[in-house]
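Please read the following report with the sequence and the model side by side, and look up each residue as it is named.

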Amino acid sequence: QVQLVESGGGLVQAGGSLRLSCAASGRTFSDYAMGWFRQAPGKEREFVAHITWGGGIRHYADSVKGRFTISRDNAKNTVYLQMDSLKPEDTAVYFCSAKSLTVDWGYDKARRATAYDHWGQGTQVTVSS
């Protein structure tokens, strides 16, 4: 079992930046592929980004490509989501997720929330216009 705790959310103006962190504990972090998802009020949880166990392959939703960057530091058991050029439509609760996996899923599977086994509690991001 792996435990995930997100942090770094907050209120920011449109065009601003935030960096989310997700700290993992409980198992060997480098054995896990990691994802970020988000859920706005009244909407389904949607895929944001994914990174493989070693950090060599990353997948992004089209809506964030070029603005968000996922990265990981296996020595610190942490995955990050750098969010730049934020828009009001990025407002949501952001969740970190994990799957014990040491191969690349490919984009189609990486974007499915049901494919991940472990989730954090979420952190709120609010972007004002």
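## Contacts inside a predicted chain

Phe 47 is buried, with a relative accessible area of 8%, where buried means under 20% relative accessible area, exposed means over 50%, and partly exposed covers what lies in between (1.4 Å probe, protein chains only). The structure is a predicted model, in which local features need pLDDT of at least 70 and side-chain atom pairs count only at pLDDT 80 or more, while totals for chains, interfaces and linings use all residues. Residues are numbered from 1 along each chain as its sequence is written, and side-chain values use heavy atoms, with hydrogens and water left out.

**Aromatic rings.** Rings of Phe, Tyr and Trp (its six-membered ring) are said to pair if their centres lie within 6.5 Å, and the pair is called stacked if the planes are under 30 degrees apart, edge-to-face if over 60, and tilted for the rest. By this rule the count comes to six aromatic pairs. One of them joins Phe 47 and Tyr 107, which are edge-to-face, with 5.8 Å from centre to centre and 80° between the planes. Phe 47 lies in strand S5 (residues 46-51) and Tyr 107 in helix H1 (residues 107-110), so this pair ties together parts that are 60 residues apart in sequence; helices (H or I, at least four residues) and strands (E, at least two) are DSSP runs, numbered from the N terminus. Tyr 107 counts as partly exposed, at 32% relative accessibility. Both residues belong to one aromatic cluster, formed by Phe 37, Phe 47, Trp 105, Tyr 107, Tyr 116 and Trp 119.

| Charged residue | Ring | Distance to ring centre |
|---|---|---|
| Arg 45 | Phe 95 | 3.8 Å |
| Arg 45 | Trp 119 | 4.8 Å |

**The disulfide.** Which cysteines form a disulfide? Cys 22 and Cys 96 do, with their sulfur atoms 2.1 Å apart, a disulfide being a pair of cysteine sulfur atoms within 2.5 Å. Because Cys 22 lies in strand S3 (residues 18-25) and Cys 96 in strand S9 (residues 92-100), the pair ties together parts that are 74 residues apart in sequence. The link between Cys 22 and Cys 96 is left-handed, with -80° about the S-S bond. Cys 22 counts as buried at 0% relative accessibility, and Cys 96 is likewise buried at 0%.

**The neighbouring strand pairing.** Strands S1 and S3 run antiparallel and are joined by five bridges, where two strands pair if DSSP finds at least two bridges between them. In S3, Cys 22 stands opposite Glu 6. Strand S1 (residues 3-7) has a covered face made of Leu 4 and Glu 6, and an uncovered face made of Gln 3, Val 5 and Ser 7.

**An arginine in a loop.** Arg 67 is found in the loop between strand S6 (58-60) and strand S7 (68-73), and at 12% relative accessibility this arginine counts as buried. The side chains of Arg 67 and Asp 90 are joined by a polar contact of 2.8 Å; a polar contact is a pair of N or O atoms within 3.5 Å, and within protein one must be able to donate a hydrogen and the other to accept it, while residues adjacent in sequence count only if both atoms are side-chain atoms.

Note on methods: A charge sits over a ring if NZ of Lys or CZ of Arg is within 6 Å of the ring centre and within 35 degrees of the ring normal.
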